[in-house]
Amino acid sequence: MMNRRELLILPLAAGTLAADGFTPVFDGRSLAGWTVEQGPESAFYVKDGAIVIHPGSNSPTWLRSEREYENFELQGEVFIEGWANSGIFLHAPKHGRPTGCGMKINIFQKKDSPPLAESMGAIFPVVAPLQVNVRNKGEWNQFHVRLSWPEFKLWMNGKLVQDLKLDAHPELRHRLRKGYLGLESLSYPVRYRGLAVKTLPATDTQTSLYAAPADLSQWRTTEPEWMEKSQWETLGSTLRGEGLGYLATKEHFRNFDLEMYVRPSRHSNGGVYFRCPGGVKGDHYEIQVHDVEGAVYPTGSLYGIRRARWWPLEPEQWFLLQMHVEGGHCVVRVDGETVVDYRGLTNLSAGPIALQAHQTGKWIEYKEIRVRRLPDAK
């Protein structure tokens, strides 16, 4: 009899429904339902019922699922022979770094003892596996993921190698809770097959503040104090601000997680205001958007209080901006990297969240703006 810390994974026939509610996400014949990101189309191809990584794919390149997942189980197999390195992305972002914004299960051929944060089955490069269970001599390795926030479990070849409470981990608790599945190319000829997913009940309380189709019903759009000389356009899924002014939510927030994709024009100046109940002229905090390395307060800074650790961004490219505000604590993440972790907020008043346009002739675009209310501290 199988004990509770082991799991048997059976190969799936392509194009069929698996037992226990699993649905194949790879048909065994094509890359239908998948998109190559950050690299050439030739980076991934299908042969003998498996997804194969081409060794000349110019890593880092990755293969992204067609849809996003929140809570789910994922199973499949990966073939390892000789030196092999790859990754399985969970909750990967639409734009930016899958490893930092979501999570990466590392695929590596070495039988490390003791396990390391880069070993087979690690949440790379943050959490080492409980044990390394890899077949590396030209063999298929079975994997099974169960992610139901905050619980995360991973089995490799039937052995439990990760058993985590994600909300208890100082780094993982701020990662995306919904995103894409992905396979990473590091230019080694790794193969995957039998990929199947079972969707689990949603647990996230996150809600949308702006998404496609364009909808400004949750924002103030007529008050001169906020709008001033700024112009805001709704361009489908994108919200674009120019000039000098703000766009503020009608609702007030005290403790929250906020995430959005941001695309600023080169060297533009703007930001995100919060805890400003009396308007932007009164007490408030601001997270800066300013892509100048030598600036006193570059992108991600808690303006006037804490300079962000500089994190290079590609000019005029989308990046993920995340904020965690709880009591006196503020965490800011830029493209999956924590750039501010500050515990000295003194203004604890609820207020609107406001997007700032702060430079004539420059623009900043925002999309997929989502907020998760957090309970007030007892």
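I started with the largest pocket, which holds about 430 Å³ of space. I noted how a pocket is found: on a 1 Å grid over the protein atoms alone, it is an open set of points with protein on both sides within 12 Å along at least five of seven lines. A cavity is a set of points where a 1.4 Å probe fits but cannot get out. Lining residues have an atom within 4 Å of a point. Grid points are joined across faces, edges and corners, and a volume is the space filled by probe spheres set on the points.

This is a predicted model, in which local features need pLDDT of at least 70 and side-chain atom pairs count only at pLDDT 80 or more, while totals for chains, interfaces and linings use all residues. Residues are numbered from 1 along each chain as its sequence is written, and side-chain values use heavy atoms, with hydrogens and water left out.

**Entry 1: the pocket lining**

I found 20 residues lining the largest pocket; Gln38, Gly96, Arg97, Pro98 and Asp335 lie nearest its centre. Strand 5 (61-69) and helix 1 (98-101) are the elements that give two or more residues to this lining. Helices (H or I, at least four residues) and strands (E, at least two) are DSSP runs, numbered from the N terminus. I sorted the lining by class and got 8 nonpolar, 6 polar and 6 charged residues. Here Ala, Val, Leu, Ile, Met, Phe, Trp, Tyr, Cys and Pro count as nonpolar, Asp, Glu, Lys and Arg as charged, and the others, Gly among them, as polar.

I then looked up Asp335. It sits in the loop between strand 21 and strand 22 (337-342). Asp335 counts as buried because its relative accessibility is 10%. Buried means under 20% relative accessible area, exposed over 50%, and partly exposed in between (1.4 Å probe, protein chains only).

**Entry 2: closed spaces**

How many cavities of 30 Å³ or more does the whole structure have? My search gave 7. The largest cavity has a volume of about 130 Å³. It is lined by 14 residues, and His174, Asp257, Gln322, Met323 and Arg372 lie nearest its centre. Strand 17 (256-264), strand 20 (319-326) and strand 21 (329-334) each give two or more residues to that lining. By class, I listed 3 nonpolar, 4 polar and 7 charged residues.

Arg177 was next. It lies in the loop between strand 11 (159-165) and strand 12 (179-185). Arg177 counts as buried, because its relative accessibility is 17%. Leaving out residues up to four places away in sequence, I saw that Arg177 touches Tyr69, Glu70, His91, Trp149, Asp204, Asp257 and Arg372. Contact means heavy atoms within 4.5 Å.

**Entry 3: the cores**

A nonpolar core is a set of buried Ala, Val, Leu, Ile, Met, Phe, Trp, Tyr and Cys residues joined through side-chain atoms within 4.5 Å. The largest one has 40 residues; Phe72, Leu74, Ile88, Leu90, Val145, Phe152 and Tyr192 touch the most other members. Strand 6 (residues 72-81) gives the largest share, 4 residues. Apart from this core lies another of 36 residues, among them Tyr285, Ala308, Val325 and Leu345.

I also checked Gly87, in strand 7 (residues 85-92). Is Gly87 buried or exposed? It is buried, with a relative accessible area of 0%. Beyond four places in sequence, its contacts include Lys104, Ile105, Gly182 and Tyr192.

Most residues other than glycine have a negative phi, and most peptide bonds are trans. I looked for exceptions. A cis peptide bond joins Ser113 and Pro114, with omega about 5 degrees. Pro114 is in the loop between strand 8 (103-108) and strand 9. Another cis bond joins Trp149 and Pro150, again with omega about 5 degrees. Pro150 is in the loop between strand 9 and strand 10 (151-156). Asn157 has a positive phi, near 50 degrees. I placed Asn157 in the loop between strand 10 and strand 11.

**Entry 4: the whole chain**

I counted 2 helices and 23 strands. The radius of gyration, taken over C-alpha atoms, is 22 Å. That is close to the 21 Å that the globule rule (2.2 Å times the number of residues to the power 0.38) gives for 378 residues, so the chain is as compact as a globular protein of that length. Of the 378 residues, 54% count as buried.
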